[in-house]
Amino acid sequence: MPSSPVSLPAHPLALIEDKTTAIIDELIDSLPDPKQLTSEERRGIIARYTSVLEGNFIYWMTATVIATKAEQSRPILLDNLYEEVRDCHPQMLRKFAIAANAFPTDKDALAVHDDLTRVRLFMGTLSPVKSVLMMGFFEGFIQKFMSYLADLAAEQGSTEREYTDVHGVCDIEHTEGLFKVLAAEIALTPPEPDADLFEGVTLLRTLIEQIIQPQAEPLTA
């Protein structure tokens, strides 16, 4: 009697990781050459990035901790949060932005307001798998984005590198940890076959694209 065919998981982790990496690489490949940008364009990218990251990353990671259910998930995520708070990463970023004369203005904050709000509201749904995947994507993106951010700052005449140096290294481990968490969360609560696991990734990608090349006039109110 022939053996029954082996059914594959609906969302094999390797395929999810490959798709996430492809999205990250597409974003990195689309970045404009810092030398071809004006000083104001370079300043704007750093300022909008700072406006988003300084006040939101720890909130997003905290929401992910709250959302997760697997026993092995929280220690990994809390270790990430511990490092962010202990080493005061928001202050590192603020120092980086000030050194590049790119401290965010109200215009910078409003330019990303709508897309940032969508990501914030998504994190409020406390979806374990989708939240972890979004943060894994973000950590992976940041890791590869740091050299570009440093180049922008250098073109602005800044030599401040603590933020970009630290995150270019630590986010490698953070990304690996988040995909371990993702595997645990999927094993505990398998998503429906037709679930859009990349909902948060898509929202965050749109926000990143707005950071790099704003597509609309900022809000006036």
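The legends below describe close-up views of a predicted model. In this predicted model, local features need a pLDDT of at least 70 and side-chain atom pairs count only at pLDDT 80 or more, while totals for chains, interfaces and linings use all residues. Residues are numbered from 1 along each chain as its sequence is written, and side-chain values use heavy atoms, with hydrogens and water left out.

**View 1. Phe 57 and Phe 138 form a tilted aromatic pair.** A search of the whole structure finds 7 aromatic pairs, where rings of Phe, Tyr and Trp (its six-membered ring) pair if their centres lie within 6.5 Å, and planes under 30 degrees apart count as stacked, over 60 as edge-to-face and the rest as tilted. The ring centres of Phe 57 and Phe 138 are 6.2 Å apart and the planes stand at 40°, so this pair is tilted. Phe 57 belongs to helix H2 (residues 39-67) and Phe 138 to helix H7 (residues 128-155), so the pair ties together parts that are 81 residues apart in sequence. Helices (H or I, at least four residues) and strands (E, at least two) are DSSP runs, numbered from the N terminus. Phe 57 and Phe 138 are buried, a word that means under 20% relative accessible area, with exposed meaning over 50% and partly exposed in between (1.4 Å probe, protein chains only).

**View 2. Phe 141 and Phe 145 form a stacked pair.** Because the centres of these two rings are 4.9 Å apart and their planes lie at 20°, the pair is stacked. Phe 141 and Phe 145 are 4 residues apart in helix H7, which separates them by about one helical turn, and both are buried. They also belong to one aromatic cluster, together with Tyr 49, Phe 96, Tyr 148 and Tyr 163.

**View 3. Helix H2 bends at Asn 56.** With 29 residues, H2 reaches 41 Å from its first C-alpha to its last, close to the 42 Å expected at 1.5 Å a residue; the expected span is 1.5 Å times one less than the number of residues. The bend at Asn 56 is about 50°, taken as the angle between axes fitted to the seven residues ending there and the seven starting there.

**View 4. Arg 43 and Asp 108 meet in a salt bridge.** A salt bridge is a side-chain nitrogen of Lys or Arg within 4 Å of a carboxyl oxygen of Asp or Glu, and by this rule the count comes to 11. For Arg 43 and Asp 108, the N to O distance is 2.9 Å. Arg 43 lies in helix H2 and Asp 108 in helix H5 (residues 106-111), so the pair ties together parts that are 65 residues apart in sequence, and both residues are buried.

**View 5. Lys 95 and Glu 162 meet in a salt bridge.** Here the side chains come to 2.7 Å, N to O, and they link distant parts of the chain, with Lys 95 in helix H4 (residues 89-99) and Glu 162 in helix H8 (residues 162-188), 67 residues apart. Lys 95 is partly exposed, with a relative accessible area of 36%, and Glu 162 is partly exposed at 33%.

**View 6. Glu 26, Arg 205 and Glu 209 are linked in a network of salt bridges.**
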